[in-house]
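This report describes the fold of a single protein chain, moving from overall figures to the sheet, and then to the nonpolar core.

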Amino acid sequence: MSRPVERTARHGEPGGDLHVTSGPGLPRGLVIPAHELVEQFSRSSGPGGQSVNTTDSKVELRFDVATSGAFSEQQRSRALDRLGPLVV
């Protein structure tokens with residue numbers, strides 16, 4: 001089950017902090033600082049068809065769980081056990 005997230009940009013920043021709403025196992029929610037998120041933009045590849053004359057793009061957002069300061073030690077350990085060190 002996914003949780004609602006919101007990305008808020010500060011003045012002069014391309015992205016912003018990522019706010020994860022509260023829920024089971026995360027009673028106070030979570031804020032991941034923008035400097036811990038790595039965005040990569042690229043064109044999607046694939047066959048032509050109906051979208052042959054359009055520009056399709058994809059966004060990849062990377063987050064290093066092991067080095068993040070957003071988690072408590074218990075949260076980090078749990079996330080590493082379930083997801084691994086890098087979330088893409």
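Of the 88 residues that make up the protein chain, 23% count as buried; the model from which this value was computed is a predicted one. The accessible surface of the protein chain amounts to about 6800 Å², and 52% of that area belongs to carbon and sulfur atoms. Among the contacts in the protein chain with a separation of 6 or more, 26% are made by residues 24 or more positions apart.

The secondary structure consists of 1 helix and 6 strands, and, read from the N terminus, the elements follow the order β-β-β-β-β-α-β.

**The sheet**

An open sheet of 3 strands is arranged in the order β4-β5-β6, with antiparallel pairing. Its edge strands are β4 and β6, each of which pairs on one side only. The pairing of β4 with strand β5, which covers residues 57–64, is antiparallel and extends over 7 bridges, whereas β5 and strand β6, residues 86–87, are joined in the antiparallel sense by 2 bridges.

| Residue | Opposite residue | Strand of the opposite residue |
|---|---|---|
| Val38 | Arg62 | β5 |
| Asp64 | Leu86 | β6 |

**The nonpolar core and Leu37**

Which residues make up the largest nonpolar core? This core holds 11 residues in all, namely Leu18, Val20, Leu26, Leu30, Ile32, Leu37, Phe63, Val65, Ala70, Phe71 and Ala79. Strands β2 (17–20) and β3 (30–32) each contribute at least two residues to this core.

Is Leu37 buried or exposed? Leu37 counts as buried because its relative accessibility is 10%, and the cut-off for that class is under 20%. The C-alpha atom of Leu37 is separated by 7.9 Å from that of Asp64, although the two residues are 27 positions apart along the chain.

Key:
Residues numbered from 1 in each chain as written. Predicted model: local features only at pLDDT ≥ 70, side-chain atom pairs only at ≥ 80, totals over all residues. Heavy atoms only, no water. Buried < 20%, exposed > 50% of the residue type's maximum accessible area, 1.4 Å probe, protein only. Core = buried A, V, L, I, M, F, W, Y, C linked by side-chain atoms within 4.5 Å. Helix = DSSP H or I, 4+ residues; strand = E, 2+ residues; numbered from the N terminus. Pairing = 2+ DSSP bridges. Contact = heavy atoms within 4.5 Å. Areas by Shrake-Rupley, 256 points an atom, 1.4 Å probe, with all protein chains shown as cover.
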